Amino acid sequence: KNNGYTKLFLQELTKQVWSGKQFYSNVPIEDGKFLTASMHYRGQISTQETDENIEKVQASKAEDFVEWRSNNIKSSVIDVAPVDANISSTFITNTPSTQPHIPTLA
């Protein structure tokens with residue numbers, strides 16, 4: 001396996017999950033700030049590379065997060081790759097931009 005290709009693919013995978021095109025909900029991310037985020041990678045991935053990618057995201061998207069919460073992105077690496085790919089990623093976030101889409105029960 002070519003490590004340079006894997007590193008580039010990891011960077012591209014991280015960009016894709018943050019783009020908003022991969023979200024399961026139709027919520028414009030521009031309508032609010034992120035409270036927290038969690039990135040879960042699967043496959044033979046270096047934890048150092050994942051940490052470097054998360055640091056880049058934190059630096060580039062600092063204004064998209066609430067100011068009062070530091071270290072608001074957590075990541076994990078699961079060594080077992082998915083059946084149909086070498087690596088994959090799951091992105092979970094909490095943002096108040098979903099609030100207008102949830103009906104009030106009161």
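**Entry: the β1–β3 pairing.** I began with strand β1, residues 36-42, and found it joined to β3 by seven bridges, with the two strands running antiparallel. I keep in mind that this is a predicted model.

**Entry: the whole sheet.** Next I asked myself in what order the strands form the sheet. I read β2-β1-β3, three strands in an open sheet with mixed pairing. Why is one side of β2 and of β3 left without a neighbour in the sheet? Both β2 (73-78) and β3 (88-94) stand at the edges with a single partner strand each, so one side of each has no neighbour there.

**Entry: the core.** I looked up the largest nonpolar core and got 15 residues. Trp 18, Ala 37, Met 39, Tyr 41, Phe 65, Ile 73 and Phe 91 have the most contacts inside it. Which elements give two or more residues to this core? They are α1 (3-18), β1 and α2, and α1 gives the most, with four residues.

**Entry: Tyr 41 up close.** I picked Tyr 41 from that core list and checked its contacts, leaving aside neighbours within four places in sequence. I found Leu 10, Leu 13, Thr 14, Thr 50, Ile 54, Ser 76, Val 77, Ile 78, Ser 88 and Ser 89.

Definitions and conventions:
Residues are numbered from 1 along each chain as its sequence is written. This is a predicted model: local features need pLDDT of at least 70, side-chain atom pairs count only at pLDDT 80 or more; totals for chains, interfaces and linings use all residues. Side-chain values use heavy atoms; hydrogens and water are left out. Two strands pair if DSSP finds at least two bridges between them. A nonpolar core is a set of buried Ala, Val, Leu, Ile, Met, Phe, Trp, Tyr and Cys residues joined through side-chain atoms within 4.5 Å. Buried means under 20% relative accessible area, exposed over 50%, partly exposed in between (1.4 Å probe, protein chains only). Contact means heavy atoms within 4.5 Å.
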